[in-house]
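Subject: Structure for you to look at

Hello,

Here is the structure I said I would pass on. My notes on it follow below.

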Amino acid sequence: MKKVVKLAALGAALTIAGGVQAADPVRIGAVVSQTGPAAFLGEPAAITLKHYVEKLNEDGGLLGRPVELVLYDDASDANTARTYATRLVEDDEVSAVIGTSTTGATLAMISVFEDAEVPLVSLAAGIQIIEPVNPYVFKTPHTDRMVCERVMIEFSERSFDQVALMTGTGGVGKSVRKECTEQAEKRGIEIIADETFNPKDVDMSPQLTKIKNTPGVDAVFVGGFGQPLAVVSRNYKQLGIEIPQYHSHGSASKVYVEMSDGGAENARVTAPLLVIADQLSEDNPLRPRAVEYTKAFRDLTGEDVSTFGGYAYDALLLISDAIKRADSDDPQDVRDALEATKDLPGVTGMFNMSAEDHLGIDHSSLYMVTVKDSEWVLE
Amino acid sequence: MSVFDTVQRVVGNRLSLILIGAMLLVLPLLMTSSFQMRLAVVVWVYAMAAIGLNLLMGFAGQVSLGHAGFFGIGAYSVALGPSQLGLSPALSLPAGIAFCGLLALLLGRPILKLKGHYLAVATLGLGMLIFMILSNEVELTGGPDGMRVPRVVIMGWKVKGTETWYWITGIALLISVWLALNLINSPTGLALRAIHDSEVAASVLGVDVARYKLIVFVISACFASAAGGLLALYNGHITPGVSDFLVSVQLVTMVVLGGMGSVGGSLVGAALIIILPQFLTVMHEYEHAFLGLIMILTMVFMRSGIVPSISKAIRSRRHDSNS
């Protein structure tokens, strides 16, 4: 028990010392899931944030002051995320916070920022984060609803009235299934086959055979995350199914194409901007940042650019832009400036925030690409 | 000798209650921000669950690797009670504890027939099953995104703010400690310790081994669900992560690190596991290695856990100076 007292006293001493030392820099906080099950989201985000804060400082910082990134790892746990959120606003006294990587943990953090009146820019997909709009909460990733909107618009255009859904049972797949069912209903598209797959399934032939044998299917929409998406396409080819194949943004990675053994050929994928950055026309305002980030990420990690890192890039961009425009690092001013963001080209899309829209991008920032000879083709 | 021991035990119990009470009163004076207060709340809550688990592990000698499941049931009961049954959150907490106790009663009977590793695996499975239900029943629990927990309203007064929760959870901890100490010193406690030493010997002496094991299993499940419910009410949003397998492991670590069979030890163990990572953020890459090192050192040099080892050292020194 004495130990607790000592620890708490030591903690108090440390934070007081920290407070004096760091009166000068502009402080931006971040909570990301660098470890745990959501590490695949958080790791590229952490790499991106560290690199670009360094770059900000090389370019003279913000408001003529250096920028300090206070980064914590929530280990993919909502309770830990909330603890760090409290630490950021109470002890570190940051101007704005980026994070965290998952929807559940973001939702657990929100009331901390509401009470402290500090803006939060989330990196999680869930639409619940910004609907209903909370004055202090923003986010950068497009929602699953936008993905479904984009696909259903194309289905309407091509008059595909009867479609089949094939979704994963993981978090992303469930959300895609819910949103796409709603969007389909809205546009009078009938879902005549509704199959699911588990995240570790290695064979989807039974589900696909069922879809193949359902008469009148105009298109198949596949939504989910990771390896099973490639398995779907592989089995698709093996079963010789001729129905057009559509995929959600989960498939927008080179790994999917490579693992599908050619089954991805001709599949239409809803791709975020970063995937096809180099195919945008030279005069597209979205092009320069997206191309630069793609290159920077490859130089940093030796891997293909990650959309998840892109969300963090945009969050930092939004906040630094807001601080510049507000000419202040007071959390309230930063929040107001964030909400007033207009025509800011990020690597996820063109951001236009308003009091009603704290995401600021719409489905036009998603591109329908076709896999041709194992490459993405924008058409 | 035995008389002296009993006297010391009674005084010792009062003493630990008074010490914890004094600590609860003094800590807020030392804290400079509500972040530190939040850490204290989280420590109190996990300490409650760890004390419950300690009753099972340290006294009855039965291991459970699924206690986060009970923790999760408590947490989700305060969210589901209002949304599904229309209960008030304040009422949902005792309802959740009762439900969890009932579940433990039903499941405990077959599970506790197992021994050693088999018991560990069965409880592990139970915890994982609860985690899977919480993350897969999207319609009911909101799936991996979790669900909102409504604020407790008592006669028009909204219970919120970290300081309020500091006192609520602090008092809950005090009650838990009191209950645990009373149980340990009751005939049931004696029976449990007999089971811990040797089940065969205990049954020869007329202890109904199965019954006592079940009793302590139910009690420890209730402690865990009460802790989970309080954490959910305090945080206002819960995800299935509260019942993750790693949380079960964390609880076991708290018990073992602090000292099996020591109620104060569970508090110290919880405090270490919750607070230490906050100091290690400056060296994030080495955080896990450092935590592991501390655990190894504790287990090597303080084999019976931090609190029992220290109090034994103090006692033997006093003994030396007396003689």
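Helices and strands here are DSSP runs, a helix being H or I over at least four residues and a strand being E over at least two. Please keep in mind that this is a predicted model.

I started with chain B. The UniProt entry, which is unreviewed, lists "transmembrane region" at residues 12–31, 43–65, 85–106, 118–135, 165–184, 214–234, 254–276 and 288–306 of chain B. I checked two of these stretches in the model. Residues 254–276 of chain B are 83% helix and 0% strand, with the end C-alpha atoms 12 Å apart. Residues 118–135 of chain B are 100% helix and 0% strand, and there the end C-alpha atoms lie 26 Å apart.

Next, the interface. Contacts link 35 residues of chain A with 37 residues of chain B. Interface size is often quoted as the accessible area lost when the parts come together. For chain A and chain B the buried area is about 3,100 Å², and carbon and sulfur atoms give 62% of that. The count of salt bridges between the two chains is 0, while 9 residue pairs are in polar contact, both residues being at pLDDT 80 or more.

On the chain A side, the elements that give two or more residues are α1 (2–21), β2 (67–73), α3 (78–90), α4 (103–116) and α6 (171–186). The most comes from α1(A), with 10 residues. By type, the chain A residues that touch chain B divide into 15 nonpolar, 12 polar and 8 charged.

Regards

Methods: Residues numbered from 1 in each chain as written. Chains lettered and ligands numbered in written order. Predicted model: local features only at pLDDT ≥ 70, side-chain atom pairs only at ≥ 80, totals over all residues. Heavy atoms only, no water. Contact = heavy atoms within 4.5 Å. Buried area = accessible area lost by both parts, 1.4 Å probe. Salt bridge = Lys/Arg side-chain N within 4 Å of Asp/Glu carboxyl O. Polar contact = N/O pair within 3.5 Å; in protein donor to acceptor, adjacent residues only side chain to side chain. Nonpolar A, V, L, I, M, F, W, Y, C, P; charged D, E, K, R; others polar. UniProt positions renumbered as here; feature names shortened; annotations may be inferred.
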